[in-house]
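Colleague: Please take a close look at one part of this model and go through it in detail. I would like the cut-offs stated along the way.

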Amino acid sequence: MIGGEEHGRFRELVDRHQDIVVTTHMNPDGDALGSQLVVARYLREQGKKVRMVNSDPAPETLRFLEGAAEIPVYDADVHRAWLAEADLVVLVDNSASDRLGRMEQPMLEVADKVFCIDHHPTRGNPWKYNILDTAACATAAIVYELVTKQGFVADDASALAMYVGIATDTGFFRFNSTTVQAHAIASRLLDAGVDPARPYQEIYEGNSEAYTRLLGHALADLRLDAGGAIASVRLTRELQDRCGAFDVDSSEMTTALLAMRSVRIAVLFRDLPDGKIKVSLRSKGNVNVHSLATQFGGGGHRNASGIVLDGGMDEAVNLVTGKATELLAATDAGSME
Ligand SMILES: [Mn+2]
């Protein structure tokens with residue numbers, strides 16, 4: 001939980017700066033965009049000059065958030081100057097420079113004026129100012145605490161944006177990250193007028209035919225390891241082509257794997273257009289896939305992490321399922337002590 005020190009730092013940084021850029025991580029999710037939009041709105045209300053720019057566009061499913069579709073995608077010719085001119089750059093929902101995509105280098109160049117607000121575990125980061133709370137269910141919850149303390153009264157769009165941040169990062173209030181804080185803030189946002197059915201519908205009930213066929217083929221080719229405790233599926237380039245599904249968001253497909261009683265780790269392997277392989281890891285209970293992800297330079301949280309690997313699909317599957325099997329053995333050995 002953040003306290004007086006963090007609130008003071010936030011107030012002081014806002015007071016001291018006028019030209020502010022607000023950004024977040026690559027492939028922005030609900031918490032990233034929700035937090036970013038609210039910070040930007042709050043700062044504008046404070047009379048600041050505020051500009052937003054991201055390394056990737058908002059996904060289709062999150063464009064219902066007011067302002068999300070209009071956030072420009074980083075173009076060095078235009079936006080390097082924004083970063084240079086700004087006297088403060090606020091980075092939300094991320095502290096890892098390698099999660100900034102094409103903005104990594106330009107952000108590192110201005111690290112001495114970056115103000116990071118995040119809830120991910122960090123291994124030390126290069127930013128000058130930080131408000132980090134790994135106990136927070138979402139960055140949007142930290143943002144809620146910060147701006148509310150300063151007297152900000154959320155309008156409809158801001159309340160919805162913070163609700164979406166908290167709801168998506170907690171898997172709509174079912175992951176381990178679903179804390180008292182998550183429900184407490186959500187209840188205040190419902191009081192402020194948020195309709196909880198709408199974001200779920202916008203985000204999870206808008207699948208295309210291509211997505212559904214891709215999921216079906218992937219599930220039909222399910223692989224189980226460790227006596228059924230590890231379930232994995234592969235979205236090969238060939239399968240994505242066959243289903244006409246190259247830019248669908250596959251991040252929720254692991255839900256179907258975790259729904260199996262025996263499964264404790266779910267893994268999704270996906271061929272990316274650049275030839276790399278994206279590996280999404282999800283787990284139940286005390287199985288810490290974050291520790292597995294960090295072995296391969298990835299990151300995330302205890303029950304949800306990701307990696308990007310070079311090399312072939314079969315090699316990636318064998319490598320990651322092998323390490324996942326070791327992780328389960330270590331987890332069970334640890335819990336028996
Ligand atoms: Mn988050």
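Modeller: D169 counts as buried because its relative accessibility is 16%; buried means under 20% relative accessible area, exposed over 50%, and partly exposed in between, with a 1.4 Å probe and protein chains only. This is a predicted model, in which local features need pLDDT of at least 70 and side-chain atom pairs count only at pLDDT 80 or more, while totals for chains, interfaces and linings use all residues. Residues are numbered from 1 along each chain as its sequence is written, and side-chain values use heavy atoms, with hydrogens and water left out.

D169 is one of the protein donors of the manganese ion; the donors are D31 (OD), D93 (OD), H119 (NE2) and D169 (OD), and they lie 2.1 to 2.3 Å from the ion. Donors here are N, O and S atoms within 2.8 Å of the metal (3.2 Å for Na, K and Ca); water is not among the atoms, so sites may look incomplete. Along the chain the spacing of these donors is D-x61-D-x25-H-x49-D. D31 belongs to helix α2 (residues 30-45) and D169 to helix α6 (residues 156-169), so this pair ties together parts 138 residues apart in sequence. Helices (H or I, at least four residues) and strands (E, at least two) are DSSP runs, numbered from the N terminus. D31 also counts as buried, because its relative accessibility is 0%.

β4 pairs with strand β3 (residues 88-92) in the parallel sense over 4 bridges, where pairing requires at least two bridges found by DSSP between the strands. V90 stands opposite F115 in β4. Between β3 and β4 the chain passes through helix α4 (residues 104-109), and this β-α-β crossover is right-handed. Right-handed means that, with the strands pointing away from the viewer, the path from the first strand over the helix to the second runs clockwise.

β4 also pairs with strand β5 (residues 129-132), again in the parallel sense and over 4 bridges. There I117 stands opposite I131 in β5.
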